[in-house]
Amino acid sequence: MNLLSVDQLSKAYTEKWLFKNISFGIAKGEKLALVGANGTGKSTLLKTIAGLIKQDSGELQLANGCSVGYLPQEPELDENKTIQQTIFSSDNPTVKIINEYEAAILDIEASGDRMQFLLDEMSRLDAWEFEKRSKQILSKLGISDVEVLNKSLSGGQRKRVALAQLLLLNPDLIIMDEPTNHLDLEAIEWLENLLTAHQISLLMVTHDRYFLDNVSNQILELDRGNLYIHKGNYAYFLEKKSMRETIHAAEVSKARNLMVKELEWMRRMPKARGTKSKSRIEAFYDLKDIATQNLNQNELEISVQTTRLGNKIIELHNISKQFDDLNIIENFSYIFKKKDRIGVVGKNGIGKSTFLDLLTQTQAPSRGEVIHGSTLKIGYYTQHTNNLNNENRIIDEVKEIAEYVTLGTGEQVAVSKLLDMFLFPPSVQHTPISKLSGGERRRLQLLKVLVSNPNFLILDEPTNDLDIDTLNVLEDFLSEFAGCLLLVSHDRYFMDNLVEHLFVFEGEGKIKDFYGNYTDYKDQKTELSSESKKTEPKSSPTAATTVVESKKKKASFKEQQEYKNLETEIAKLESLKQELTNKLNKGSSSHSELAEWALAIEKANLQIDEKSLRWLELGEIMD
């Protein structure tokens, strides 16, 4: 049975159909990824399903009692509420039942039936585990201070707060628009595991191809108002899409040849028209619709000449950066070489953006020296910089930098032609920048960076708001880019294809220079983690080190006894918890008894958690 059924759904803006007569369903546990070029209507379709936009025609049907949670691309939060008030809103049924339960415990007049109902609801909603789950979600999403007002949050922080709120709401059907935007790599991998490990029903729009591959089991593609359904991974989708487009091109070509003959027939003298076959006239207009389709896919073509780069590029000599007591970078050195391809990874807030500011000399290091070569020309593309003048037209914005641009082939082209290559055709080039979408603004910012002919590209989260087709072409350009590339991105697929080694921000000022891409780094981390759980390594350390390590690994007699006792204590607590749960399920006419049992279960849960954690710590030593 489907949780959601979409039947013949259509939506248009002005005279353009975003999607027309599309149908699909989502069963319990299914995870669907929605893909398509920017502007095809993906976000509009999500909003329509979430009930925020009314469809023009068609039906949406939810299963009885099915709850829906929606994460927009740019969440709107109540400016005057704190993060705590937003995430733990009384609209959340679990929060609501917990508040009612706690109030009933303090109410001596609460009836036994009322307490029994609340306890049943607590069990049904798994409210006993809510606090533990909420702490984990907040920690993984990097939300530490929940008393901060929403109005002081950045766009990325708002997205993480809204995501936490959605995950704690735990609806039957989750709808997400670009859930990985503004998350660091560790948080993305955690979210990936969370969504795949449970029977979660999901519909999402994402440009993250690894996330799409690992999470979804079905891909929906919006293209020219139609919906195509692919059951399989991203590679299978690309194969089927290529086959479909080849067949479609052949159909259009055949229709155009036939239309020449049919057009001549339609143009015959008016006298004959009255006797014309009505079915043939209708067939002609159907044929015309096919023959006049535009086969040119909107593709971003990037080929811009780079400025010559000398032997001296950027040199970092023992640089350090502190803010008060916070150590961002400690004694880091590196000399950039021609055609360096470097990725920068690390948790949000760990200092990656500060590092970029030091490279571009926007900030000065606390100690050390940053030296630029005389031929260095940096192109800096950042997610935070808003260097577009909303009063300008698109073409005027680029003309402020140059009237003509030299392509990689040596050909000089006018700005208007370059804009056309960047999916800004002449018909929209005089549009005010204020009317551009998020993806269009980012594309224009990227164009402005490249028009300046840089030889050192610094890209800070360039994949946000760009569709997959655009990312594929951008990857092709960057792989052929003749200068140096420094890339900060949470898109693992994008990074794996482009970088050759990483600057890994490990915290407390430490930056590790790792040779390899992100998957290589992750594989090495997994391998080292596995080895650390085994016995001593084969290589013989110094005598002093051996003594220290053996002391760390060998459990004392007291710890061995504690380890054995904990197993018994945890088993007893589990037995007590089960006994109390059985009593609650049977019910009681005594309000005080019910309240007493419930408090005892909470206490047992806390003790089990504490003792289990200690048991795991001792277990590592025992191993």
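**View 1. Asparagine 331 is partly exposed, at 48% relative accessibility.** Here "partly exposed" lies between buried, under 20% relative accessible area, and exposed, over 50% (1.4 Å probe, protein chains only). Asparagine 331 sits in strand β11, residues 326-335; strands are DSSP runs of E with at least two residues, and helices are runs of H or I with at least four, both numbered from the N terminus. Although asparagine 331 is not a glycine, its phi is positive, about 55 degrees. As you look around, keep in mind that this is a predicted model, where local features need pLDDT of at least 70, side-chain atom pairs count only at pLDDT 80 or more, and totals for chains, interfaces and linings use all residues. Residues are numbered from 1 along each chain as its sequence is written, and side-chain values use heavy atoms, without hydrogens and water.

**View 2. Glutamate 461 lies in the loop between β17 (456-460) and α16 (468-480).** Its phi is near 50 degrees, again a positive value in a residue other than glycine. Is glutamate 461 buried or exposed? With a relative accessible area of 10%, glutamate 461 is buried.

**View 3. Aspartate 520 belongs to helix α18, residues 518-532.** Its relative accessible area of 37% makes aspartate 520 partly exposed.

View 4. Of its 623 residues, 45% count as buried. Among contacts (heavy atoms within 4.5 Å) with a separation of 6 or more, 68% join residues 24 or more positions apart.
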